[in-house]
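The entries below follow the order in which I looked things up.

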Amino acid sequence: MKTLVIAEKPSVARDIVDALPGSFENNDTSYESDDTIVTFAVGHLVELVAPEEYDDRFKKWRMDDLPIVPDEFQLHARDKKAEKQLKAIHKLLKREDVDRIINACDAGREGELIFAYIYETSGVDKPVERLWINSMTKTAIREGFDQLRPGEQLRQLEAAARSRSEADWLVGMNATRAATIRGRAWVGGVVSLGRVQTPTLALIVKREREIQAFVPEPYWLVHAHFDPRYEGLWFEGEETRIMGAEGAKRADDIVAKVSGKDGVVESAERKEQSERAPLLYDLTSLQRDANRRFGFSARRTLQAAQSLYENKKAITYPRTSSRWLSGDLVPQLKPTAATLAPIGEYRAAAEYVLGLKQLPLARVVNDSKVDDHHAIIPTDVEHDLDRFSPDERRVFDLIARRFLAVFHPPARYARTTIVTLVEEERFRTKGKVTLEAGWRGVYGLLSDADQQQQRQDEDAENESAELPPLEQGQKVVCAAAEVEAKETRPPPRYTEATLLSAMETAGKLVDDEELREAMKERGLGTPATRAETIETLIRREYIERASKDLQPTPKGLQVITMLEEHPLTSPELTGDWEKRLADIEHGSDDRKKFIDDIADFTRGTVEKIAALDKEKLRPERVELGPCPRCGAETGEIIKENSKAYGCTSWKNREETGCGFVIWKRVAGRTLTPEIARQLLEEGRTKEVISGFRSRAGKPFRARLVLNGEGKVEFDFPARTQTKEAAVAE
């Protein structure tokens with residue numbers, strides 16, 4: 001009798017064959033030895049059938065037929081190619097000489113679902129065991145086969161996987177049909193809605209509305225230059241900004257009051273502080289860092305990590321939500337560090353770890369925080385970096401440095417705060433000296449993330465390391481003072497890094513690493529699905545990338561405008577559903593009750609969308625001011641429509657009016673009302689704009705300029721004029 005092993009992908013099947021004893025014959029859709037057959041899916045071979053498969057009447061989209069809630073969900077092959085491989089696996093499952101099945105799909109929720117659907121559609125009833133591994137090295141595969149788990153042990157994980165799939169079908173199919181029927185006249189085309197994608201889109205739209213509604217306010221900072229040489233920033237209480245109608249005058253008065261005057265060091269405080277190394281990576285935190293440091297999309301990071309795991313055997317399983325290791329891994333930690341020691345850039349940090357008599361494990365090992373998979377770390381095999389692609393090299397570098405850093409001591413700093421008093425006005429000076437680099441020595445003293453944060457905080461006080469020795473009561477002179485005029489800025493658009501953080505915490509702003517960990521179970525989606533959610537929103541033209549920023553398209557804005565305060569847009573609600581799926585996985589919630597609740601929610605969603613007032617579906621259109629071509633004579637204005645910002649003198653093709661128009665889509669990027677307003681008021685954009693693409697798909701950046709004929713042209717940065725212009729052309 002033979003054992004049938006079902007892997008998730010052909011590449012994994014080959015790795016299993018290489019690790020198992022015996023000689024295998026390649027039969028195109030499987031590998032066979034004397035006692036074992038190894039076959040493979042190609043990802044999801046089976047899916048839930050579409051509504052029209054249940055009843056022909058569902059081929060037409062009618063509100064009266066909604067909601068569609070099947071008594072039992074049916075399955076079929078995804079496509080012809082999947083059907084061919086599915087039949088081959090079914091044939092193997094039904095062989096009389098096969099009496100034992102091993103599920104070797106990826107060890108997680110989706111892997112469990114892929115196998116469950118294949119097994120269910122085969123109709124066989126044979127004992128199943130589960131291969132559960134965290135690494136694709138031969139040693140890990142062999143150990144996994146020595147420690148197979150009974151299939152029954154994973155039944156709750158399968159229940160959670162089926163619940164996720166069916167919930168997405170119920171909400172997605174019904175809400176999409178209802179919204180498309182109701183909003184067709186205004187949105188155009190299919191209005192795709194989903195349990196995770198819609199609240200994610202709502203986060204991006206909410207931020208865009210905050211940006212568009214933002215009115216900048218002027219404020220002033222006062223900088224003082226003291227002798228002995230140091231600088232200070234004026235403050236009052238905790239506020240450094242001088243605002244209000246009299247702000248400019250007050251700032252000038254302070255400058256006049258203190259310039260050339262004697263002062264005194266009112267206080268000089270020196271405190272030592274320490275900073276612990278960040279936790280090990282899970283997939284979401286890895287994707288965040290790769291986006292911040294390298295501009296990688298979440299999908300690009302996942303692809304590189306998956307290749308490092310499957311093809312290079314260089315890292316452990318990447319689709320994990322844990323940032324901790326289990327206790328049984330402790331004996332492997334030093335051998336893993338030893339594999340990094342021969343690599344030049346990691347040598348010093350690895351040798352430090354190898355030299356420790358006892359590893360500090362308090363923030364590394366925690367069995368209670370490891371469910372399916374532990375944190376992402378390098379594997380304990382030899383790493384040939386020359387075989388890595390550039391993307392793989394960068395992602396591996398993040399993982400390797402984080403692994404080494406977590407065993408280093410905290411970084412220690414001496415922070416100095418000087419308050420100088422001049423003519424009853426106070427100025428603050430901050431200094432920071434590194435006493436011990438600690439874990440930061442693995443990266444360099446100031447990480448990329450710190451530098452970026454400092455750039456984002458426009459009013460951050462410069463923590464210069466070069467401060468003269470100053471004592472409380474010391475006399476100083478304010479040699480000069482000056483005013484810096486600034487404006488408040490709107491909140492920044494989401495990048496993939498900040499959006500991943502928001503998805504992880506269901507839209508709540510949480511900077512603290514430990515608190516974010518506690519909120520994970522209520523996040524939007526899972527680490528394995530967040531990248532695809534972002535790509536889905538881009539593919540459906542609801543959002544677009546503008547350099548590192550993500551901004552909603554007019555279609556995306558209109559979809560959320562149509563739904564407004566509907567619970568389907570609520571990140572908190574979807575986060576609660578994700579928590580319930582986790583509870584089903586752990587056996588503390590009931591799958592049937594969850595699906596019943598989702599069905600009730602779906603019914604309510606259809607009713608609310610059907611009852612929407614058609615007038616409320618009409619898109620909100622901004623008015624940008626008088627038409628530069630005919631406004632002075634006719635009073636016509638520039639107003640937004642679905643495709644452009646145009647003069648209201650246009651009525652129809654016969655009455656075209658003055659013809660002034662700024663198209664919303666320019667070189668593959670949507671121009672926001674903010675950009676259009678700048679073009680009308682100033683004739684050009686204030687800054688160079690990224691995110692344009694040439695006809696060949698190559699990215700370029702430029703300022704936009706409104707020429708004398710009212711056409712939008714590109715003005716390329718001087719330093720890269722030739723290159724950028726060539727790409728645009």
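**Entry 1: aromatic rings.** I began with the rings of this predicted model, and found that Phe692, Phe700, Phe714 and Phe716 form one aromatic cluster. I then asked how many aromatic pairs the structure holds, and the count came to 17. One of them joins Phe226 and Phe427 in an edge-to-face arrangement, with 5.8 Å from centre to centre and 75° between the planes. Because Phe226 belongs to strand 10 (residues 218-227) and Phe427 to strand 15 (residues 425-436), this pair ties together parts that lie 201 residues apart in sequence. I also checked the burial of the two residues, and both Phe226 and Phe427 are buried.

A further pair that I noted is made by Phe388 and Phe396, which is edge-to-face as well, at 5.4 Å centre to centre and 70° between the planes.

**Entry 2: charges over rings.** I next looked for arginines placed over aromatic faces, and wrote down Arg149, which lies over the face of Trp132 at 5.0 Å from the ring centre. I also recorded Arg207, whose charged end sits over the ring of Tyr494, 4.4 Å from the centre of that ring.

**Entry 3: the chain as a whole.** I then stepped back to the protein chain, whose secondary structure comes to 23 helices and 27 strands. Its C-alpha trace spans about 95 × 80 × 50 Å along the principal axes, and 51% of its 729 residues count as buried. The chain exposes about 35,300 Å², of which carbon and sulfur atoms supply 47%. Taking the contacts with a separation of 6 or more, I noted that residues 24 or more positions apart account for 72% of them.

**Entry 4: a buried glutamine.** I looked up Gln306, which has its place in helix 9 (residues 298-310) and is buried, with a relative accessible area of 8%. Its side chain is joined to that of Arg319 by a polar contact of 3.3 Å. Beyond its neighbours within four places in sequence, Gln306 is in contact with Lys9, Asp106, Asn311, Pro318 and Arg319.

**Entry 5: helix 22 and its end.** In helix 22 (residues 673-682) I noted the buried residues as Pro673, Ile675, Ala676, Gln678 and Leu679. Just after this helix, Gly683 takes a positive phi of about 80°.

**Entry 6: a loop glutamate.** Where is Glu463 found? I located Glu463 in the loop between helix 13 (448-456) and strand 16 (475-487), where it is partly exposed, with a relative accessible area of 30%. Leaving aside its neighbours within four places in sequence, Glu463 is in contact with Arg415, Lys430, Gly431 and Lys432.

**Entry 7: backbone details.** I checked two cis peptide bonds, the one from Leu66 to Pro67 having omega near 0° and the one joining Asp227 and Pro228 having omega of about 10°. Pro67 has its place in the loop between strand 5 (46-48) and strand 6 (75-77), whereas Pro228 lies in the loop between strand 10 and strand 11 (230-235).

I finished with two glutamates, each of which has a positive phi although it is not a glycine: Glu423 at about 50° and Glu541 at about 60°. Glu423 lies in the loop between strand 14 (411-422) and strand 15 and is partly exposed, with a relative accessible area of 38%. Glu541 is found in the loop between helix 16 (527-539) and strand 17 (543-546), and Glu541 is exposed, with a relative accessible area of 54%.

How values were computed: Residues are numbered from 1 along each chain as its sequence is written. Side-chain values use heavy atoms; hydrogens and water are left out. Rings of Phe, Tyr and Trp (its six-membered ring) pair if their centres lie within 6.5 Å; planes under 30 degrees apart count as stacked, over 60 as edge-to-face and the rest as tilted. Helices (H or I, at least four residues) and strands (E, at least two) are DSSP runs, numbered from the N terminus. Buried means under 20% relative accessible area, exposed over 50%, partly exposed in between (1.4 Å probe, protein chains only). A charge sits over a ring if NZ of Lys or CZ of Arg is within 6 Å of the ring centre and within 35 degrees of the ring normal. A polar contact is a pair of N or O atoms within 3.5 Å; within protein, one must be able to donate a hydrogen and the other to accept it, and residues adjacent in sequence count only if both atoms are side-chain atoms. Contact means heavy atoms within 4.5 Å. Accessible areas come from the Shrake-Rupley method with a 1.4 Å probe; for residues, only the protein chains shown count as cover.
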